[in-house]
Amino acid sequence: MPNTHLEKTDSKTKIVQEEPNLKGTFIAVMFVFAFLVGTWFSVWGIFLNR
Amino acid sequence: MHMHRLEKLWMFIGGGTLLFFLIVLGIGAFIQGAQPPSCLTVIDPQRVEAHDPFKEENLGLQEVEGGDLDYVVNVVASAFNYDFGKDEEGNVVRKIRIPAGSKVMFQGTTKDVVHGFQVAGTNANMMLEPGYINQVEVTLDNPGVYTIVCNEYCGTGHQFMTAQVEVYEE
Ligand SMILES: [Cu+2]
């Protein structure tokens with residue numbers, strides 16, 4: 001008997017979503033963070049020094 | 001809800017920044033005693049001289065005995081002048097001389113409109129509003145001549161509204 005290997009197709013088969021690559025976005029967010037921290041502490045430095 | 005690992009990380013950083021600023025604000029308000037300018041001290045702008053610090057003889061630089069303040073500088077602003085009273089020779093004071101390292105409180109009010117009071121290059125910067133007394137405390141460590149400027153537009157002579165503070169080394 002031929003083996004057709006027909007499997008039951010299931011419409012509810014889970015579609016495996018690939019994780020998006022957010023490395024670039026993360027680096028961009030870190031740039032914003034570094035800018036905020038840098039400006040805040042430099043203004044604080046001005047406040048303390050004069 | 002599934003969230004990307006990096007997305008979680010930058011949300012924590014954002015939240016942490018918010019928390020940091022709230023703590024900074026809390027330290028300023030509850031430990032260092034920062035309060036709104038004047039903080040309910042009112043004055044009749046038509047009769048500022050009825051208030052002790054703004055009597056003619058109390059204007060300008062006043063040495064303080066004891067306490068942690070070294071000097072108080074009383075000033076009455078009006079369009080377009082800062083009144084620091086007169087010196088011993090009877091000349092109008094345009095320049096205030098303070099020894100370096102002094103802790104000074106500038107205390108001011110205005111007779112007419114809103115004026116600014118900024119000792120440019122120092123942390124002394126406040127608004128003078130009619131009906132209110134405003135104060136700012138600074139330690140003047142760095143010798144030099146600083147310009148006092150009005151940084152609130154107050155009328156046609158606004159740009160002429162200046163005076164000076166000289167911080168000298170003892
Ligand atoms: Cu002015």
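Reply: Where the chains meet, 14 residues of chain A are in contact with 15 residues of chain B, contact meaning heavy atoms within 4.5 Å. This is a predicted model, in which local features need pLDDT of at least 70 and side-chain atom pairs count only at pLDDT 80 or more, while totals for chains, interfaces and linings use all residues. Residues are numbered from 1 along each chain as its sequence is written, chains are lettered from A in the order in which they are written, and side-chain values use heavy atoms, with hydrogens and water left out.

The size of an interface is often given as the accessible area lost when the parts come together. Here chain A and chain B bury about 1,300 Å² between them, 68% of it on carbon and sulfur atoms; buried area is the accessible area (1.4 Å probe) that two parts lose on being put together, summed over both. On the side of chain A that touches chain B there are nine nonpolar, two polar and three charged residues, where Ala, Val, Leu, Ile, Met, Phe, Trp, Tyr, Cys and Pro count as nonpolar, Asp, Glu, Lys and Arg as charged, and the others, Gly among them, as polar.

Between chain A and chain B the count of salt bridges is zero, a salt bridge being a side-chain nitrogen of Lys or Arg within 4 Å of a carboxyl oxygen of Asp or Glu. Five residue pairs, both at pLDDT 80 or more, are in polar contact between the chains, that is, a pair of N or O atoms within 3.5 Å, of which, within protein, one must be able to donate a hydrogen and the other to accept it, and residues adjacent in sequence count only if both atoms are side-chain atoms.
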